[in-house]
Structure formats: C-alpha cells, structure tokens
Amino acid sequence: MTTNGGHEPVFCTVVPPHVLDKLAQHEDPALADPARRTLERDALERTHRRLTTVIGAPAVAAPLGAEAGKPHRTICDARHGTDLPGVKVRGEGDEPGQDATVNRAYAGLGATFELFLKAYERDSIDANGLPLDATVHYDRDYNNAFWNGEQMVFGDGDGEIFLDFTLPVDVIGHELAHGVTQYTANLTYFGQPGALNESMSDVFGSLIKQYTLGQTAAEADWLIGAGLLAPRVTGTALRSMKAPGTAYDDDVLGKDPQPATMDDYVRTGRDNGGVHINSGIPNHAFYLAATALGGHAWERAGQVWYDVLTGGELSSKALFADFATLTVSAARARFGEGEELQAVLKAWEQVGVRTL
C-alpha cells in the first residue's frame with residue numbers, strides 16, 4: 001500500500017494464468033466460460049491494483065481497543081457479486097454460522113495469524129496487528145482466490161475443475177503470505193523475483209497447513225491446494241514442493257509445468273515471466289532443506305526463510321542466487337556451522353542454484 005510504508009499492492013492469484021488460459025480454450029462451454037470470466041475479472045482487478053498504486057490506498061490500522069497479539073478478522077459475503085468487501089457476515093469472536101465457506105475462511109485467517117505469531121513473533125501480516133479481512137462467494141463460478149494488497153477474496157469454483165477455494169488452508173495461507181512479502185521484501189512480481197514471491201507464499205502456505213495439522217516434515221504431503229481440484233481432474237493439487245511437475249497431468253489442464261531444478265528453468269513472457277512456474281525451483285530447495293533437517297519444518301528451515309524475507313537485506317529484485325546466498329548467511333547467523341547450514345547448502349546445490 002503506497003500510503004503505508006511505501007509497499008506497493010500486488011494482485012496475486014493462487015491459480016496461475018496459464019492454467020486458466022488452457023481451460024479457456026476448451027471446446028466445452030461449461031469449462032471454458034468460467035475460465036474466461038475468471039481471466040477477465042482478474043484483469044480488471046489487476047488494473048484496479050495498478051490504479052491503487054498511482055492514487056494511493058488508505059492506510060489500514062488495527063481498530064481502537066484491539067489487543068496486541070490477537071487476530072482481528074472480518075468475513076464478508078459478496079453474494080456472487082464483485083463489489084468488495086461485500087456484506088459482513090462474521091466478525092472476530094463471533095460464533096460459527098451455517099455457511100461452511102465463511103467458517104473455513106475465518107479459521108484459515110486464524111491459522112495463518114497463529115503460525116506467524118507463535119513461530120516468528122509476528123503480529124499479523126504487517127507485524128503491527130493489521131486486521132485480516134476476507135470476502136467469500138465472490139462472483140459466479142469464479143475459479144480463483146487472490147490477495148489484492150488489502151484483503152483476501154475467495155471464489156466458489158466452477159464445480160467442474162475447481163471446488164471452493166476455502167477448502168485448502170494452505171491456499172488461504174499462501175495468499176496472506178503475499179501480504180507478508182508486500183510488507184517486507186516487496187519482491188517484484190516478475191521473473192525470478194516474482195517466482196521467489198510465489199515461492200515464499202507456497203512455503204508459508206505449506207507451513208501453515210503443517211502447523212495446523214501438527215505434522216513433521218516427513219509427515220507432510222508438501223502439496224499446495226490439495227482438495228481443490230474437482231473429482232474429474234487427474235491430479236492431486238496445484239503444485240508439489242516435493243516433486244515439482246507432478247501435481248497434475250490432465251487432458252483438460254495439461255501437465256504441471258513446474259521445474260524442480262535450474263536445468264529445466266522455463267524462459268517465458270507469460271505469467272509475469274513464469275512466476276508460478278519457476279517457483280518450483282526454490283520450493284523444492286525448501287522441501288529438501290526441511291526434510292533433511294526433519295522435525296517441524298517451521299522451526300528451522302522455516303525460520304531461516306523467514307529471517308531472509310524479513311531481515312532487510314533481500315532486494316525487491318533479488319534473483320534465486322541472491323536469495324540462496326542470504327539463506328546460507330541466515331542459517332549460519334542463527335544456528336552456527338551445524339546441520340542447518342549444511343542442509344541449506346546442499347538443498348540449493350541439488351536444485352542447481354549457486355550460493356555466492
């Protein structure tokens with residue numbers, strides 16, 4: 001937000017444009033029409049974000065009387081329209097209602113808040129108690145979820161390819177983590193910096209899921225968006241950190257294009273220079289470091305990644321090698337010359353990213 005520390009809002013969606021492009025070309029209108037409408041809506045929202053950058057967004061602060069270290073959540077219902085934020089349907093401390101989508105959004109915001117507070121002593125995504133706002137039931141058959149620089153927005157999916165976007169807690173965490181990046185390193189949303197931006201959201205989205213489930217690195221599935229794909233789709237999730245390129249292989253969606261190493265780095269002008277594609281490389285590096293260390297991934301590998309994101313040395317235009325080098329320094333600074341450092345060094349070596 002331009003009026004709040006100079007942080008520019010970025011419009012970030014969890015479903016990559018290349019997936020929607022593929023769907024939009026399908027001969028079946030039941031598949032193509034929702035994808036086309038989603039792409040059009042995303043384009044409008046993206047333009048709105050650019051205008052916000054020019055004219056400035058209102059600064060958002062914790063409400064008067066809000067207790068530090070406690071979430072302040074508001075869930076609104078767009079009622080299948082596109083005016084944001086919509087009608088308020090649940091506030092902080094309110095009892096669950098009958099709408100499961102509202103309840104999942106509320107719980108997912110809380111899970112994200114808790115991970116950052118308990119693991120990293122961060123009070124909300126801006127570290128200063130920022131209210132967490134979300135809108136559900138956005139548009140009709142809307143096949144995406146996004147962070148628009150100010151709030152979360154969830155579509156219900158078309159029921160053919162995508163289900164309700166509040167179903168996977170890591171999708172909620174992924175999008176809110178874009179807010180953390182916005183308020184810290186503010187990584188440029190193009191090319192390698194953009195892929196790092198996406199990867200940071202996948203990393204913390206996965207950690208939020210693992211924290212919520214009490215899973216160790218060995219127990220986690222390392223999938224992003226498991227449960228989001230409809231039964232007709234041949235696939236398990238949107239992305240896999242464990243095995244990039246294997247999340248789906250479907251006659252409608254095509255094959256997951258993510259590379260796991262620099263040997264298969266994709267050079268493209270689409271998707272902001274492949275931000276959702278090449279993020280598979282730093283994603284895989286994190287998976288390798290976390291599983292090598294074992295235990296709870298948010299405690300050591302996650303701490304190193306968090307230290308780099310928030311430490312002030314990560315340039316908004318950082319390349320993979322810049323980020324990797326900083327993780328080595330952060331591992332050494334926090335944990336010394338032990339196994340944490342060795343796990344980080346080996347992880348980047350395995351994905352083909354040099355540490356300077």
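1. UniProt positions are given here in the numbering used for this chain, and such annotations may be inferred rather than shown by experiment. With that caution, the unreviewed UniProt entry lists E175 and H276 under "active site". Although these two residues are spread over 102 residues of sequence, they cluster in space, with a largest C-alpha distance of 13.0 Å. The model is a predicted one, and the distances below should be read accordingly.

2. E175 lies in helix α4, which covers residues 169-183. Because buried means under 20% relative accessible area, E175, at 0% relative accessibility, counts as buried. Leaving aside neighbours within four places in sequence, E175 is in contact with C12, T13 and V14, with A145, F146 and W147, and with M152.

3. H276, by contrast, is placed in a loop, between α6 (271-274) and α7 (280-293). At 3% relative accessibility H276 also counts as buried, and the lining of the second largest cavity takes in this residue. Not counting residues up to four places away in sequence, H276 touches T13, V14, P16, P17, Y189, E198, R239, Q258 and D271. With one of these, E198, the contact is polar, the side chains of H276 and E198 lying 3.4 Å apart.

4. Another of them joins the side chains of R37 and D141 at 3.4 Å, N to O. R37 belongs to helix α2 (residues 29-55) and D141 to the loop between β4 (132-136) and β5 (145-147), so the pair ties together parts that are 104 residues apart in sequence. R37 is partly exposed, with a relative accessible area of 36%, and D141 is likewise partly exposed, at 34%.

5. A further salt bridge is made by the side chains of E337 and R332, at 2.9 Å from N to O. Here E337 counts as exposed, with 56% relative accessibility, whereas R332, at 37%, counts as partly exposed.

Conventions. Residues numbered from 1 in each chain as written. Predicted model: local features only at pLDDT ≥ 70, side-chain atom pairs only at ≥ 80, totals over all residues. Heavy atoms only, no water. 1 Å grid on protein atoms, 1.4 Å probe; cavity = no way out; pocket = protein on both sides within 12 Å on 5 of 7 lines; lining within 4 Å. Helix = DSSP H or I, 4+ residues; strand = E, 2+ residues; numbered from the N terminus. Buried < 20%, exposed > 50% of the residue type's maximum accessible area, 1.4 Å probe, protein only. Contact = heavy atoms within 4.5 Å. Polar contact = N/O pair within 3.5 Å; in protein donor to acceptor, adjacent residues only side chain to side chain. Salt bridge = Lys/Arg side-chain N within 4 Å of Asp/Glu carboxyl O.
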